[in-house]
Amino acid sequence: MTKIKTIKILSGTVTSDKMKDTIVVEVSRFVEHSKYKKRIKINKKYKVHDAGNTKKIGDRVEIVETRPISKSKHFKIVN
């Protein structure tokens, strides 16, 4: 029996490009509160592999989950 893993594809905004071959992307999503049914905005930051430092702060990018590149990088940019 084989397990099929779904690949995450997220889109967000670049918030930092100061590291070599790495950018920080902030992904926003809305979650509904279970009791009060109000929609809450949740932001999460991901470190993303960006070979050659092609993206700058403020760019909208799509990222895809990949094998671990380092301790904290598990995403890369979709071309």
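Good morning, everyone. A word of caution to start: the model is predicted.

Let's begin with the overall fold. Five strands form a closed barrel. The order around the barrel is β1-β2-β3-β5-β4, and the pairing is mixed. How are neighbouring strands turned against each other? On average by 55°, with direction ignored.

Now the individual pairs. Start at β1, which covers residues 9-19. On one side, β1 meets β2, residues 22-32. These two run antiparallel, and four bridges join them. For a landmark, find S16: V24 in β2 stands opposite S16.

β1 also pairs with β4, residues 60-65. This pairing is antiparallel too, over five bridges. Which residue is the bridge partner of T13 in β4? It is R60.

Strand β5 spans residues 73-77. Three bridges link β4 and β5, again in the antiparallel sense. Here I63 has I77 in β5 as its bridge partner.

One general point while we look at strands. In a regular strand, side chains alternate between the two faces of the sheet.

On to side chains. Take T22, in strand β2. Is T22 buried or exposed? Its relative accessibility is 7%, and the cut-off for buried is under 20%, so T22 counts as buried. The T22 side chain makes a polar contact with the side chain of K73, at 3.0 Å.

Now charges. How many salt bridges does a search of the whole structure find? One. E65 and K5 form that salt bridge, and their closest N and O atoms are 3.9 Å apart. E65 sits in strand β4, while K5 belongs to the segment before β1, so the pair ties together parts that are 60 residues apart in sequence. How open are the two ends? E65 is partly exposed, at 22% relative accessible area. K5 is exposed, at 64%.

Last stop, the surface. Three residues form a nonpolar patch there: I7, I9 and V78. Together they have about 290 Å² of accessible area. Look at I7 in particular. I7 lies in the segment before β1. With a relative accessible area of 59%, I7 is exposed.

To recap. Five strands make a closed barrel. E65 and K5 form a salt bridge. T22 contacts K73 through side chains. And I7, I9 and V78 make a nonpolar patch on the surface. Thank you.

How values were computed. Residues numbered from 1 in each chain as written. Predicted model: local features only at pLDDT ≥ 70, side-chain atom pairs only at ≥ 80, totals over all residues. Heavy atoms only, no water. Pairing = 2+ DSSP bridges. Axes fitted to C-alpha atoms, helices over the stretch in contact; angles between N-to-C directions. Patch = residues over 30% accessible without salt bridge, like charges linked within 9 Å, V, L, I, M, F, W, Y side chains within 5 Å. Areas by Shrake-Rupley, 256 points an atom, 1.4 Å probe, with all protein chains shown as cover. Salt bridge = Lys/Arg side-chain N within 4 Å of Asp/Glu carboxyl O. Buried < 20%, exposed > 50% of the residue type's maximum accessible area, 1.4 Å probe, protein only. Polar contact = N/O pair within 3.5 Å; in protein donor to acceptor, adjacent residues only side chain to side chain.
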